[in-house]
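Open the model in your viewer and keep the selection tool at hand. The tour below goes from one selection to the next and says what is found at each stop.

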Amino acid sequence: MCTGPTPRIDTPDGPDPRSTVPPARRAPRTARAVVAVALLLAAAAGCGDAGGLVGAGSTPTAISPDRLWPQLTPASSPAFEIGEVDSEVVAGVSVPGDDIRAVDPVALVRAEIKEDPGSYANGGYVETARRMADCGKPGAAGEKCPVLRPYYRDLTGDGHEDLTLGFRQLPGHVTAVRVYTVEKHRLVRVMHWEDAVSGVELAGRSVIIRSPSEVAGYEYRLQWTWDPQQKSMLLTHDEMLRTGSRALGDAPGPAPSPSSPSIPSSPSSPSASAR
């Protein structure tokens, strides 16, 4: 609301006692009316724009997509099996009280190593298996543990926290990312990926992984989102973006809850390095 000095309005009984305008000679009634109208116009002009419609400029012309090779018969099955849906019960790891925070992240990685000895015991990630013995040790020894700090967030929308876990696949620069949930009192892995990782984010019901590209100035951005029909995290976005760009996924939800940064003497908590 515009403010300013109270306009002077004379009455038949004399000058207006509320006015802050200094008294002046009494003018004829017509002149006083003209002055009053001028004051009202000046007050209205001081309020600025009345809020009329303003043009936003020209709009680009919409161009419909052109369909190429319409004579081709549409494919009915995929050419390659890339494992779009990953939902697997984790054998040998219990969930006390259906509380996923009670699950030992180190035990999860050890169970995976046990299931895939060709990659860890005798394969390219033998250093990861060797360093698992350092998990739970205090000091510098514990920092060699390849298991990263777990994070907890409800990614499935069931009102309960899920576990996002990462661990290094050594020797090398590959990081494994896993997501676990609890279903019917069982621990279920609903997402897994390995890559050279430059950043991991949780946004809404999604896990977003950024990885360096061989093209200078660009990076890959992959997004997995929970799908209630498949009961798994599906790869919903696969993009190449300029480095530093922040293409948005789902609206960010509450901040993920990390585990305690301290390293206890038991192997129930991994090292505190975060990805």
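Start by selecting glutamate 127, which is buried at a relative accessible area of 19%. The model is a predicted one, and residues are numbered from 1 along the chain as its sequence is written.

The side chains of glutamate 127 and arginine 130 form a salt bridge, with an N to O distance of 2.4 Å. Both residues belong to helix α4 (residues 126–131), where they are three residues apart, or about one helical turn. Is arginine 130 buried or exposed? Arginine 130 counts as exposed, with 54% relative accessibility, whereas glutamate 127 is buried.

Now move to lysine 137 and aspartate 134. These two residues form a salt bridge as well, and their closest N and O atoms are 3.7 Å apart. Lysine 137 is partly exposed, at 38% relative accessibility. Aspartate 134, at 13%, counts as buried.

For the next stop, select arginine 178 together with glutamate 112. Their side chains meet in a salt bridge of 2.5 Å, N to O. Arginine 178 has 1% relative accessibility and counts as buried. Glutamate 112 is also buried, with a relative accessible area of 11%. The cut-off for buried is under 20% relative accessible area.

Then select Asp86, Glu88 and Arg189. Salt bridges link these residues in a network. How many salt bridges are there by the rule used here? The count is 11, and the pairs visited on this tour include arginine 178 with glutamate 112 and glutamate 127 with arginine 130.

The last stop is on the surface. Select Leu68, Trp69 and Leu72, which make a nonpolar surface patch of about 380 Å². Keep leucine 72 selected and look at its place in the chain: leucine 72 sits in the loop between α1 (29–46) and β1 (88–89). Leucine 72 counts as exposed, at 52% relative accessibility.

Technical notes
This is a predicted model: local features need pLDDT of at least 70, side-chain atom pairs count only at pLDDT 80 or more; totals for chains, interfaces and linings use all residues. Side-chain values use heavy atoms; hydrogens and water are left out. A salt bridge is a side-chain nitrogen of Lys or Arg within 4 Å of a carboxyl oxygen of Asp or Glu. Buried means under 20% relative accessible area, exposed over 50%, partly exposed in between (1.4 Å probe, protein chains only). Helices (H or I, at least four residues) and strands (E, at least two) are DSSP runs, numbered from the N terminus. Patches are made of residues with over 30% relative accessible area and no salt bridge: like charges are joined within 9 Å, nonpolar side chains (Val, Leu, Ile, Met, Phe, Trp, Tyr) within 5 Å. Accessible areas come from the Shrake-Rupley method with a 1.4 Å probe; for residues, only the protein chains shown count as cover.
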